[in-house]
Amino acid sequence: MRWHAELAWLGDEVAADVLIEADGERFTAVEPGVPAPPDAERLPGLTLPGLANAHSHAFHRALRGRSHAERGDFWTWRDQMYAVAGRLDPDSYHALARAVYAEMALAGISVVGEFHYLHHRPGGGPYDDPNIMGEALIAAAADAGIRITLLDACYLTGGIRRPLRGPQLRFGDRTADDWQRRVEALHGLVGKGHRAHARLGAAVHSVRAVPPDEIHAVAAWATHHRVPLHVHLSEQPAENEACREAYGLSPTRLLAECGALGPLTVAVHATHLDAEDIALLGTTMTGVCLCPTTERDLADGIGPARELADAGAELSLGSDQHAVIDLFEEARAVELDERLRTRRRGHWSAGELLAAATWHGHYALGWPEAGRLEPGAYADLVTVAFDTVRTAGATAEYAAETAVFAATAADVRHVVVSGRPVVRDGRHLLIPDVPAALHTAVTALTEER
């Protein structure tokens with residue numbers, strides 16, 4: 001396949017007249033300054049590598065609009081989330097995730113990191129296939145034409161030294177050993193055949209939900225298999241206070257003692273950190289996934305993003321609970337939130353923010369060979385139109401800035417994943433009516449019963 005991009009972001013610069021070629025699922029050539037050959041598909045606007053959504057809870061999409069009618073905080077929102085979690089089964093989970101992942105494809109996302117903890121039947125009993133809910137997510141990503149890293153989460157307690165209750169029972173394997181036995185069965189299946197689009201990672205839900213000895217066991221499993229390990233970290237001050245009261249340590253320092261920090265680990269949110277926490281994440285080369293639209297929607301706060309990056313933590317982005325699915329919005333929010341926090345502008349270049357949305361995210365999800373427009377990389381690309389009301393007037397000189405600070409997901413026109421066209425002219429090629437699919441899946445879970 002051959003494409004000719006009017007403009008393309010090549011990692012360190014925007015180039016004009018870029019001929020891009022692929023053989024199967026990999027790029028074979030990326031050449032700027034080449035006149036358009038007659039057999040190449042034209043890509044007007046700015047072409048980027050595929051975007052990586054490094055943190056997703058697909059079923060939270062059912063709450064969009066429904067969780068904003070009343071006041072509250074993270075903890076009251078969580079009650080609404082549990083209500084949806086209690087209703088899902090493998091079929092409804094597949095239908096919802098399929099539609100959500102199609103929405104992601106329309107937004108230019110080529111890979112998703114699904115932080116998956118909804119494992120079992122209501123009441124906590126296992127399904128006949130104990131991984132059927134994870135399999136539903138893997139199949140949904142295939143149907144939507146994107147790749148997935150299933151971050152299978154260990155979730156054992158309802159709070160520090162508190163048992164699981166109600167809908168939480170669906171999340172819990174009894175011990176980390178039980179979690180490992182279940183995940184080992186899945187580990188041998190992904191990455192092959194009709195699951196070649198999928199990779200497996202591990203997750204510790206949080207220090208609230210996994211005791212220290214069990215954190216160590218999950219981290220050891222991830223290290224042994226050389227897979228990503230993700231963990232919700234210090235999203236709320238209450239988590240920090242409970243951890244210090246129980247263990248005499250911050251959550252970051254507890255994770256370090258449990259062997260859970262390092263280059264394969266990604267801390268999600270990392271909002272409420274002290275200087276020692278920041279230094280520890282940086283020196284261990286632990287990644288951090290920021291989810292600004294969720295962090296502000298849930299009134300979580302603004303994290304120390306610039307300090308984390310300066311300390312050595314590589315930043316990626318996620319849409320988390322999907323208040324919106326728009327990686328351009330997540331990227332610019334990193335800069336704009338920092339401006340609010342410091343009352344100064346210019347903390348991040350557009351290139352740095354695009355890197356967080358592309359190759360940093362792919363690395364965080366265990367796809368280091370994706371996220372770049374270069375020979376040998378997975379043939380993923382997304383083209384942003386420069387003739388919309390948001391982007392009209394853009395020039396090559398400021399193309400990256402236009403994409404980050406003006407464009408939205410609605411400006412995505414073409415998406416290719418692993419050499420396969422998935423979106424053309426803003427239309428999903430595999431799921432013809434994504435809004436209808438979303439409407440059907442969401443209302444099935446939220447209508448009064």
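**View 1. Helices α2 and α3 cross in a right-handed sense.** This is a predicted model, where local features need pLDDT of at least 70, side-chain atom pairs count only at pLDDT 80 or more, and totals for chains, interfaces and linings use all residues. Residues are numbered from 1 along each chain as its sequence is written, and side-chain values use heavy atoms, with hydrogens and water left out. A crossing is right-handed if the near helix is turned clockwise from the far one by less than a right angle, and left-handed if anticlockwise. The axes of α2 (residues 90–106) and α3 (residues 132–144) come within 8 Å and cross at roughly 35 degrees. Axes are lines fitted to C-alpha atoms over the stretch in contact, with angles from 0 to 180 degrees between N-to-C directions. Helices (H or I, at least four residues) and strands (E, at least two) are DSSP runs, numbered from the N terminus. Residues of α2 that meet α3 include Y93, A97 and Y101; among their partners in α3 are M133, L137 and A140. By class, this contact has 14 nonpolar, one polar and two charged residues. Ala, Val, Leu, Ile, Met, Phe, Trp, Tyr, Cys and Pro count as nonpolar, Asp, Glu, Lys and Arg as charged, and the others, Gly among them, as polar.

**View 2. The largest pocket has a volume of about 430 Å³.** Of its 27 lining residues, P228, P263, L264, Y363 and G366 are the closest to the centre. A pocket is an open set of points on a 1 Å grid over the protein atoms alone, where a 1.4 Å probe fits, with protein on both sides within 12 Å along at least five of seven lines; lining residues have an atom within 4 Å of a point. Volume is the space filled by probe spheres set on the points, joined across faces, edges and corners. β8 (198–204), β10 (265–269), β12 (315–317) and α13 (359–364) each supply at least two lining residues. The lining divides into 14 nonpolar, 10 polar and three charged residues.

**View 3. E338 sits in helix α11 (residues 327–342).** E338 counts as buried, at 2% relative accessibility. Buried means under 20% relative accessible area (1.4 Å probe, protein chains only). Beyond neighbours within four places in sequence, E338 contacts residues including R306, R343, R344 and W348. Contact means heavy atoms within 4.5 Å.

**View 4. S234 has a positive phi of about 50 degrees, although not a glycine.** S234 lies in the loop between β9 (229–233) and α6 (237–247). S234 is buried, at 0% relative accessible area.

Conventions. Buried < 20%, exposed > 50% of the residue type's maximum accessible area, 1.4 Å probe, protein only.
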